[in-house]
Amino acid sequence: MLLKHGLFTFHDDARRSYELMIEMVTQAEEYLTKKAGATVEATVEAQEDLVGLAKLRKAVSKKRGHAQLAKLDASAVAVGYSHQPNVATFGTRGPLTPDHSIRTKRTPAFVGEDIDAAIQKFSEDYTSYFTRHANGQTMLDTAPRFVIWQGKGLVSFGDTLKDAGIVADIAQHTAATVQLGQAVGGWEPLPERDIFEIEYWDLEQAKLRKGPARKVHQARWPSSPALRLASALLVRKAWPNRVPPSWAWISTPTS
């Protein structure tokens, strides 16, 4: 067992090594289920807030330096997690494993009623984190990669749908594991210095640089109030009974 990182099993026979892993993971799952109980789920659906989602995406895009796509998880589990007392504290302590930081940064942002203030605070906190540990590195952008949106769920961001989907997958697993850790005694990640060394390790950053070239989203939100209303109505007509997918909102308002 590697503290705050993972589990390794060994045996001369490969199959037996695999079986040991399954056995130990099963033991852990049974213990956590007994100790922590059921996952907290929302008892009511989150109130749809498409304007808030667009505003959040705009704020994150500005900090990232280019337009981002947003993927909203408004499932009962995600909304229940965002409603938990003190999630703004324990949910933003750090990643499950240091290498997640190259995709998600060290922490998510927590967003309440004031979206712009929350994203600005994350940006300032990230700058302070970099300043504390930097030794000649160039700071990356200060935008969060996913957000705990109070009462609304989890929102993940990326240059492409694939990028946003990868972050969303990590965010969902992180929320579930952090919730379990908090229930059985308190969630505590690695120290931020250790996470910084992974996030800014050149070999890790190279993994991202190998990805496809970023697509620049050229669309703009209509400037006329009438056109804005018409655009919103068209999107609502296409998805009348659920939140439209993130790609339906390609444009980021510029004013």
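A residue is called buried when its relative accessible area is under 20%, exposed when the value is over 50%, and partly exposed in between (1.4 Å probe, protein chains only). By this definition Arg132, at 48% relative accessibility, counts as partly exposed. The structure is a predicted model, in which local features need pLDDT of at least 70, side-chain atom pairs count only at pLDDT 80 or more, and totals for chains, interfaces and linings use all residues. Residues are numbered from 1 along each chain as its sequence is written, and side-chain values use heavy atoms, with hydrogens and water left out.

The chain has 255 residues, of which 39% are buried. Its secondary structure consists of 10 helices and 4 strands, where helices (H or I, at least four residues) and strands (E, at least two) are DSSP runs numbered from the N terminus. Read from the N terminus, the order of the elements is α-α-β-α-α-α-β-α-β-β-α-α-α-α.

Two packed helices are described by the angle between their axes and the distance between the axes. Helix 2 (residues 50-64) packs with helix 6 (residues 115-133) at an angle of about 25°, and their axes are 9 Å apart. Helix 2 is therefore roughly parallel to helix 6. In these values, axes are lines fitted to C-alpha atoms, for helices over the stretch in contact, and angles run from 0 to 180 degrees between N-to-C directions. Angles under 35 degrees count as roughly parallel, over 145 as roughly antiparallel, 65 to 115 as roughly perpendicular, and the rest as oblique. The crossing of helix 2 and helix 6 is right-handed; a crossing has this hand if the near helix is turned clockwise from the far one by less than a right angle, and is left-handed if the turn is anticlockwise.

Helix 6 also holds Tyr129, which is buried, with a relative accessible area of 1%. The C-alpha atom of Tyr129 is separated by 9.5 Å from that of Arg106, and the two residues are 23 positions apart along the chain.

Salt bridges were examined next. A salt bridge is a side-chain nitrogen of Lys or Arg within 4 Å of a carboxyl oxygen of Asp or Glu, and the whole structure contains 12 of them. One of these joins the side chains of Asp141 and Arg64, at 3.3 Å from N to O. Asp141 lies in the loop between helix 6 and strand 3 (146-149) and Arg64 in helix 2, so this pair ties together parts that are 77 residues apart in sequence. Arg64 is buried, at a relative accessible area of 19%. Asp141 also meets Arg145 in a salt bridge, with an N to O distance of 2.8 Å, and Arg145 counts as buried at 10% relative accessibility. A network of salt bridges with shared partners joins Arg15, Arg16, Glu19 and Glu23. A further salt bridge is formed by the side chains of Glu192 and Arg132 (2.8 Å, N to O). This pair links distant parts of the chain, since Glu192 belongs to helix 8 (residues 192-199) and Arg132 to helix 6, 60 residues apart.

The loop between helix 6 and strand 3 also contains Leu140, which is partly exposed, with a relative accessible area of 30%. The C-alpha atoms of Leu140 and Thr127 are separated by 9.3 Å, and these residues are 13 positions apart along the chain. In strand 4 (residues 153-158) is Phe157, a buried residue with a relative accessible area of 1%. Its C-alpha atom is 8.6 Å from that of Val147, 10 residues away along the chain.

Positive phi values occur at two residues other than glycine, described here in turn. Asn86 has a phi near 65° and is found in the loop between helix 3 (76-83) and helix 4 (87-90); Asn86 is exposed, with a relative accessible area of 58%. Lys105 likewise has a phi near 65° and lies in the loop between helix 5 (101-104) and strand 2 (109-111), but Lys105 is buried, at 2%.

On the surface, Leu2, Phe8 and Phe10 form a nonpolar patch with about 360 Å² of accessible area together. Patches are made of residues with over 30% relative accessible area and no salt bridge, like charges being joined within 9 Å and nonpolar side chains (Val, Leu, Ile, Met, Phe, Trp, Tyr) within 5 Å. Accessible areas come from the Shrake-Rupley method with a 1.4 Å probe, and for residues only the protein chains shown count as cover. Phe10 is located in the segment before helix 1 (14-36) and counts as exposed at 68% relative accessibility.
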